[in-house]
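Hi,

Here is the structure I promised to pass on.

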Amino acid sequence: MNYEIKENAVYGYAEGQTDPCLYQPNHPDGSAWIDEADAKAWADAWVAHMTNPEANAFPASRS
Amino acid sequence: MSRNIPLGFLAGSVGPLKFSVLGGYAVDLVHQGAIYADLANAKYFGFGASATGASTTSYNRSTNGTSWSTGTLPTSTTWARAATNGTRVVVTSDGATANGAYTDNGTTWTSTAIWSANFNTRDIIYDGTRFIAVASESTSNLSYSTTGASWTRIDITSQTGLWAIGFGGGRYIALHSSSLATHKTCTSDPTVNNNWSDITLPSAQNWQGVLFGNGIWVAFASDVIAYSGNGTTWTSVTPPANIDGAERAAKMFYYGGKFYYGRGIGSAGSNLKVYSSTNGATWNLEADFAQGSSGSDISFFGGWADGPDRIIGFGYNSGTNGADSGMVGIK
């Protein structure tokens, strides 16, 4: 899995696919991304979850 | 020649659903499936397990959605999801059995072998051409039939079993039954296993259901919703209230431009709340009312029957007392 941040949204890509599987324009809890660093932190947590979901919970809420 | 058009007929608009508690089923069930079909002897159907969550031959049926009687199915099992082609209802079982059943009049049923072994059927749809059922066993877990009487099984996934299936806009989506992010989709003939390819949802969840409406796909798990405009790129959103932890594909429905789900909040006597969304992204509280005070309350809904003038939600209780109440949304 990998991602890119553009136009204030996180785009996630599954391995071997060119079209994004994820388009996340805001945090799943509905709040806007504070800044790019905020989006990147969530995206890193998302990739960790998608890579090893048993070890890493989906980042559904801001802790 | 001029013609006055009465108000209410303009633009084919759909009004909001008016929700209230529905009580008075003929038999308390842990409802796991429901359907409406305009059959001769019954039109609204609620299927499930017995009040204690065990096998049963009973189901709830009604010709008008207000007065109920008990029907008898041909096998004692835990009945679940149902589908209709308009003239026939097919009901399935999640109770490790090869057979489902179908009826053309609402009261007389024929047992039908959906699977070649004892499988747990988790979902069934009618796509306009065929019934398609999916099961949580790991092989040959998609079964299809044009009539509901004779079925063919295929393998569409090399991973684990299937839990839910949806169809709309020329696309099929089938969800796996384990906590996975990768699922299956098809945009051509679903009866050919090579026509199915992978899609990736935003998280590895026990995804419970997927449905299509107004150009939007919505998939839901216990505490996550995902939506997509094309079925391949998804956005995740946290719902305002958990849809529930038990895996039942029937908890959400689409009507008149909105997706809906309803649920209680766990304790006896607690309120039922209904949430809706036009886009899958923003969910609004649509109704909030006290559950019926008689008997057992609802944790969430095991099935929805979409009739001509009302949509009935059949209550799902934990299996100690079944549910003797549900919800009705008047159109």
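Rings of Phe, Tyr and Trp (its six-membered ring) pair if their centres lie within 6.5 Å; planes under 30 degrees apart are stacked, over 60 edge-to-face, and the rest tilted.

Before you go on: this is a predicted model, in which local features need pLDDT of at least 70, side-chain atom pairs count only at pLDDT 80 or more, and totals for chains, interfaces and linings use all residues. Residues are numbered from 1 along each chain as its sequence is written, chains are lettered from A and ligands numbered from 1 in the order in which they are written, and side-chain values use heavy atoms, leaving out hydrogens and water.

Over all chains there are 27 aromatic pairs. One of them is tilted: Trp33(A) with Trp42(A), 5.7 Å centre to centre and 50 degrees between the planes. Both Trp33(A) and Trp42(A) are buried (under 20% relative accessible area, with exposed over 50% and partly exposed in between; 1.4 Å probe, protein chains only). In chain B, the planes of Phe45(B) and Phe47(B) are at 10 degrees with ring centres 6.0 Å apart, so that pair is stacked. Phe45(B) is buried at 0% relative accessible area, and Phe47(B) is buried at 0% as well.

There's also a charge over a ring: Lys6(A) lies over the face of Tyr11(A), 4.9 Å from the ring centre (the rule wants NZ of Lys or CZ of Arg within 6 Å of the ring centre and within 35 degrees of the ring normal).

Cheers
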